[in-house]
Amino acid sequence: MTHHTQAPGVARLIALDWGTTALRAWLLDGDGRVLDAHARDSGLLTVTSGAPSADRARDYEKVFAEVCADWLRAHPGLPVIACGMVGSAQGWQEAGYLTVPTDMAFDAAAFTRVPHDHGVLHLVPGLRVAPGEQTAGDVMRGEETQLVGVLDLLDDPAADLLVVLPGTHTKWVRIVAGQVESFTTAMTGELYGLLMEHGILARTAHCPVRDDAAFTRGLDADTTRGISTALFGARALVLDGALDPGALPDYVSGLLIADEIDHLLPADPAPIVLCGKPDLCRRYATALDRRGVHPAATFTEEAAARGLWHIAVTSGLVPDMPQAARPRTKEIS
């Protein structure tokens, strides 16, 4: 578990971003600044392991009490808010969804309240796209809070935007006048993980090394015959000696990200904002640049902390304090 401490202040809120693979927790002061932070690889897949709901609740509460033990001792009664897969059907308790189009104003009635030994956990609902006659619906959990943080950090939060949140399940979110109009999910990250851990490409990639040139080569590869054909072509390149085995993962990453962008990038997009892990955002920025589109801003996943704070204040979970100091935008060059 990692741990770091920042500037001093009076603790007002415990905020959790609890996803599929990891838990990130922040202790926030009266201006929404991070006083302390913990992170642990204790996401849904680790905590639950398919346990019945009563056992899941007990397991989640145990992890929460362990990760936040020092804060709970030092600040009894502090409000706690959480977003992410902790509110899914396999989480601590199911939190439901708001259906888009919707604004990003979460009031107290939107929370799912989960009593625990130290007080009450307030779960933020996810967002959903209702299915159409011939189209599947879509869902997100956790990213909605990052969106709140992004909008709060931008100078013009009412502008029209296309927010891309790269990750295991990358979200492309269309925001119009501050409202989430629609969104689409691409399982690019999960597909990459499966390809690099199982099957023939995993056996072809020996001693992987970072290779930005191979990534760019993947971005520019011909995929007109379909992504599955291009992926098998990656193996052929290695067998022919035209691609080093260690560079195969970056080449495949380029193929997959390029295919996602080619399908989901509108012909005339609104300004694009990236939000996610810096290295992954950097890759998406490179891919977009090669298609003549330059992201207007980039934020890290820490936008979730800002979003949780904003939701807690606007819902009345914590008293409204003076205007919060805005964290410096995390831009990637």
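In E9, Thr99 has Arg128 as its bridge partner. The model is predicted: local features need pLDDT of at least 70, side-chain atom pairs count only at pLDDT 80 or more, and totals for chains, interfaces and linings use all residues. Residues are numbered from 1 along each chain as its sequence is written, and side-chain values use heavy atoms, with hydrogens and water left out.

Helices (H or I, at least four residues) and strands (E, at least two) are DSSP runs, numbered from the N terminus. Two strands pair if DSSP finds at least two bridges between them. E6, E9 and E10 form an open sheet of three strands in that order, with mixed pairing. Strands E6 (97–99) and E10 (138–140) stand at the edges with a single partner strand each, so one side of each lacks a neighbour in the sheet. From one strand to the next, the twist averages 25 degrees. E6 and strand E9 (residues 126–129) run parallel and are joined by three bridges.

A five-stranded open sheet has the order E13-E12-E11-E14-E15, again with mixed pairing. Its twist averages 20 degrees from one strand to the next. E12 and E13 run antiparallel, joined by seven bridges. Trp172 has Thr184 as its bridge partner in E13. H10 packs on this sheet and touches strand E11 (161–165), E12, strand E14 (272–275) and E15. The direction of H10 makes about 155 degrees with that of E14. Axes are lines fitted to C-alpha atoms, for helices over the stretch in contact, and angles run from 0 to 180 degrees between N-to-C directions.

The axes of H4 and helix H11 (residues 303–314) come within 7 Å and cross at roughly 85 degrees. Contact means heavy atoms within 4.5 Å. Residues making this contact include Thr145 and Val148 of H4 and Ala303 and Leu308 of H11. The contact residues divide into seven nonpolar, five polar and two charged. Ala, Val, Leu, Ile, Met, Phe, Trp, Tyr, Cys and Pro count as nonpolar, Asp, Glu, Lys and Arg as charged, and the others, Gly among them, as polar.

The largest pocket holds about 1500 Å³ of space. A pocket is an open set of points on a 1 Å grid over the protein atoms alone, where a 1.4 Å probe fits, with protein on both sides within 12 Å along at least five of seven lines; lining residues have an atom within 4 Å of a point. Volume is the space filled by probe spheres set on the points, which are joined across faces, edges and corners. Of the 47 lining residues, Thr20, Thr21, Gly167, Thr168 and His169 are closest to the centre. H5 gives the most to the lining, with seven residues.
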